[in-house]
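Please read the following report alongside the sequence and the model.

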Amino acid sequence: MLGSIGDDGKTVKVAMRLENAFEGKKAARYELRPEDLLRADREARSRKMDLIGIYHSHPDCDAYFSETDLKNSCPWYSFVVLSIQKARFDHANSWLPNAEQTHAEKEELIWPES
Ligand SMILES: [Zn+2]
């Protein structure tokens, strides 16, 4: 997720798709290549934005932050988890891991008015 960080929080402006590099069942886990993250970071900078977080989906599961999600997280990013139920978007949560990666705090998500 590319966007900006201001006094009123973080704003996602671009959701950049990265390939799930996990070798096994892709619905069960995701893995990002460091070079893809680097590319996203460069893309953000070239558009005067920041790489503010990473999103992934949980097919037919709630938008919770799993042990694996926590283990593979970085404390400086926001992690948005999308719950997809029967191939449709259901709900989302944003998580902010602590520096020790032992706990993730839920962040408030505000949707733009349409
Ligand atoms: Zn997950």
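Which residue in strand 3 does Leu 2 stand opposite? Leu 2 stands opposite Leu 51 in strand 3. This is a predicted model, in which local features need pLDDT of at least 70 and side-chain atom pairs count only at pLDDT 80 or more, whereas totals for chains, interfaces and linings use all residues. Residues are numbered from 1 along each chain as its sequence is written, and side-chain values use heavy atoms, with hydrogens and water left out.

**Strand pairing**

Helices (H or I, at least four residues) and strands (E, at least two) are DSSP runs numbered from the N terminus, and two strands pair if DSSP finds at least two bridges between them.

| Strands | Sense | Bridges |
|---|---|---|
| Strand 1 (residues 2-6) and strand 2 (residues 9-14) | antiparallel | 5 bridges |
| Strand 1 and strand 3 (residues 50-51) | antiparallel | 2 bridges |

A hairpin joins strand 1 to strand 2 through 2 residues, and Gly 6 stands opposite Gly 9 in strand 2. The open sheet of 3 strands has the order 2-1-3, with antiparallel pairing. Strand 2 and strand 3 stand at its edges, each with a single partner strand, so one side of each has no neighbour in the sheet.

**Nonpolar cores**

A nonpolar core is a set of buried Ala, Val, Leu, Ile, Met, Phe, Trp, Tyr and Cys residues joined through side-chain atoms within 4.5 Å, where buried means under 20% relative accessible area with a 1.4 Å probe and protein chains only. The largest such core has 18 residues, and those with the most contacts inside it are Leu 2, Phe 65, Tyr 77, Phe 79 and Trp 95. Helix 1 (34-46) and strand 5 (78-85) are the elements that give two or more residues to this core. A second, separate core of 5 residues includes Met 1, Ile 52, Leu 82 and Ala 92.

His 56 lies in strand 4 (residues 53-59) and Asp 69 in helix 2 (residues 67-71), so the pair ties together parts that are 13 residues apart in sequence. Both His 56 and Asp 69 are buried.

Definitions and conventions. Buried means under 20% relative accessible area, exposed over 50%, partly exposed in between (1.4 Å probe, protein chains only).
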